[in-house]
Amino acid sequence: MKKKNLAALLLACVMTASAFTACGGPEENTDGASQDPAQSSAQETASGSQTASPEEITLPLFEETTTMSMFWTWNAAASKVMKDFSENHVWQEMEKRTNVKLEFVSPPLGQGQEQFNLIMASGDYPDFIWSDAIAYPGGGDKAIADGNYLKLNDYVDQYAPNYTKLINSTDTIRKQAYTDEGNIWGFAMIEEKVQGAWLGMVVRQDWLDDLGLDSPVTFDDWEDMLTKFKEEKGCQYPLALSSTGTYPDCNSMSAGFDVGVQFYQVDGEVKYGPIEEGYKEYLMLMNDWYQKGLIDPDFASRDGTQTENFIVTGQYGAWRDGFYMLDVYIDKAQDPNFALTAVPTPVKNEGDTAHLRQTNYNVRNLYMSISTNCEHPVEAVKFLDYLYSDEGFILCNYGIEGEGFTYVNDEPQFTDVVANNPDYGTDVALQLYALQGGPFNRVWDREMFTYGEAAQACEAIWDQADTAYVLPQITMTAEEGDQYAMLMGDINTLVAEKTVKYITGDESFDTYDAFVEQVKSMGIEQVIEIQQNALDRYNAR
């Protein structure tokens with residue numbers, strides 16, 4: 001895979017070749033504490049002076065090692081190579097360069113949101129808080145209004161030239177990086193090159209070859225393929241549905257009926273799939289396939305371990321998955337001829353285009369915020385901005401030169417400790433030697449060369465569906481969020497229950513109109529209005 005040329009990377013980050021540059025103004029009070037940039041500006045205005053010219057800020061940020069705390073949710077991949085995020089080599093190197101020692105607050109697996117809520121309720125906030133945009137009810141604007149997160153606009157303007165350049169580099173990135181009210185509430189994980197779909201439908205390529213079948217395009221093609229998988233390849237359950245009967249993360253089957261399984265938009269108008277005709281069409285087809293024995297009859301109760309076992313033993317022939325799992329299945333498969341391929345989202349008629357798929361954004365909806373408890377906000381901003389500098393870009397994406405990567409023809413290339421680690425896959429090794437996620441300008445395809453050909457081919461195949469109906473990253477106000485949660489809890493429960501029953505035949509389609517009316521009576525039109533208002537605000541940014 002062609003890597004980004006280093007020169008292009010440096011141009012993309014465009015700032016100094018030294019540590020980093022920030023706009024000036026008094027950096028510290030005489031007692032050494034950080035000074036609020038708004039206060040500095042006011043003092044300059046009062047004295048008749050103008051805003052200071054940008055001045056070089058040298059590292060380290062502190063004369064002596066200074067500890068700052070960071071909330072960062074623990075994850076399963078990291079747990080395979082570290083006991084704590086402080087063992088990550090990027091953060092260890094950042095301590096050497098900046099004299100900022102991070103003390104991590106990392107909740108156990110599965111308790112991230114719960115611990116986040118407890119911290120917010122306690123008022124004992126860490127200096128840095130890493131979270132997604134929906135973790136705080138009402139989003140960043142509410143967190144700022146509540147006095148819990150710093151509004152970073154002035155700080156970023158004066159002390160974060162690298163981040164400022166990046167978030168204003170395109171209109172799309174700007175809209176995603178700012179809130180509805182125009183606030184900067186955190187440093188986002190950004191990808192200048194947007195990652196394509198990493199989830200979609202997968203089928204047994206070796207079976208297609210044996211049967212003389214082309215990659216399926218239409219639903220008719222799919223039914224023919226699944227039937228032959230069952231009758232001629234002895235596949236017990238040709239199609240593995242998810243436990244919900246739908247694929248809300250990618251709409252891989254429903255999109256062919258021009259409908260999403262949750263909220264989506266058409267020409268700026270928000271819609272909710274289950275009350276649209278296309279959703280009923282989707283369920284009717286799944287019911288037909290279920291009755292014909294083409295779908296696992298126990299799909300609603302299968303767990304991940306069972307699903308993987310059924311895949312590698314040939315009991316499934318088609319399913320939804322991420323590209324990163326293809327190599328795993330191939331390695332574990334019992335059949336030496338086992339081969340996989342991604343296939344496009346099925347459509348009704350050849351030539352149709354599906355308008356929904358798994359979608360990513362330049363700004364990945366993950367932010368490192370700075371809390372109002374932070375005693376050194378200026379240094380905190382400088383610390384984060386360094387991650388978007390030329391040196392920070394390389395450090396975060398590739399690690400430490402000579403350890404995680406070396407330069408080959410002026411391009412960073414992973415060493416074997418990352419690319420061919422004998423104990424872990426590249427995605428896990430990156431948790432230790434670089435960053436897989438975080439507040440930096442991420443090159444998502446940096447490790448794609450370590451995957452097999454089938455995995456590398458997935459994105460282009462799944463991207464044959466477009467994103468015209470996909471909602472952008474809209475944000476509800478706190479009041480909207482409360483109403484949304486109150487109404488959608490019961491709606492989600494009903495829709496989930498009925499969806500499975502319609503597929504299995506436990507519910508007659510004669511009741512579908514009544515089901516739609518019931519969903520409407522539970523307030524779905526109010527929720528659509530909430531989503532519409534949020535979309536309108538986003539479009540007005």
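The model is predicted, and local features need pLDDT of at least 70, side-chain atom pairs count only at pLDDT 80 or more, while totals for chains, interfaces and linings use all residues. Residues are numbered from 1 along each chain as its sequence is written, and side-chain values use heavy atoms, with hydrogens and water left out.

**Overall make-up**

The protein has 22 helices and 15 strands, where helices (H or I, at least four residues) and strands (E, at least two) are DSSP runs numbered from the N terminus. Of its 541 residues, 54% are buried, a term that stands for under 20% relative accessible area, with exposed meaning over 50% and partly exposed in between (1.4 Å probe, protein chains only). The protein exposes about 22900 Å², and carbon and sulfur atoms supply 45% of that area; accessible areas come from the Shrake-Rupley method with a 1.4 Å probe. Among contacts (heavy atoms within 4.5 Å) between residues at least 6 apart in sequence, 77% join residues at least 24 apart.

**Helix pairs**

Two packed helices are described by the angle between their axes and the distance between the axes. Axes are lines fitted to C-alpha atoms, for helices over the stretch in contact, and angles run from 0 to 180 degrees between N-to-C directions.

| Helix pair | Angle | Axis distance |
|---|---|---|
| α11 (residues 219-232) and α12 (residues 277-291) | about 15° | 12 Å apart |
| α12 and α20 (residues 478-504) | roughly 45° | within 7 Å |
| α20 and α22 (residues 524-539) | roughly 140° | within 9 Å |

Angles under 35 degrees count as roughly parallel, over 145 as roughly antiparallel, 65 to 115 as roughly perpendicular and the rest as oblique. Helices α11 and α12 are therefore roughly parallel to each other. The crossing of α11 and α12 is right-handed, whereas that of α20 and α22 is left-handed; a crossing is left-handed if the near helix is turned anticlockwise from the far one by less than a right angle, and right-handed if clockwise.

On the α11 side, F219, W222, E223 and L226 meet L285, D288 and W289 in α12. This contact of α11 with α12 comprises five nonpolar, no polar and two charged residues, with Ala, Val, Leu, Ile, Met, Phe, Trp, Tyr, Cys and Pro counted as nonpolar, Asp, Glu, Lys and Arg as charged, and the others, Gly among them, as polar.

Y279, L283, M286, N287, Y290 and Q291 of α12 make the contact with V495, T499, Y502, I503 and T504 of α20, giving seven nonpolar, four polar and no charged residues.

Helix α20 is likewise oblique to α22. Their contact involves E480, Q483, Y484, L487, M488 and I491 of α20, together with I524, Q526, V527, I530, Q531, N533 and R537 of α22; by class it has seven nonpolar, four polar and two charged residues.

Helix α18 (residues 426-433) is largely enclosed by the rest of the structure, because seven of its eight residues are buried. The buried residues are T426, V428, A429, L430, Q431, L432 and Y433, and they pack against α3 (76-79), α4 (89-98), α16 (390-398), β15 (411-414) and α17 (416-419).

The loop between α17 and α18 holds D423, which counts as exposed at 63% relative accessibility. D423 and K80 are 343 residues apart in sequence, and their C-alpha atoms are 9.9 Å apart in space.
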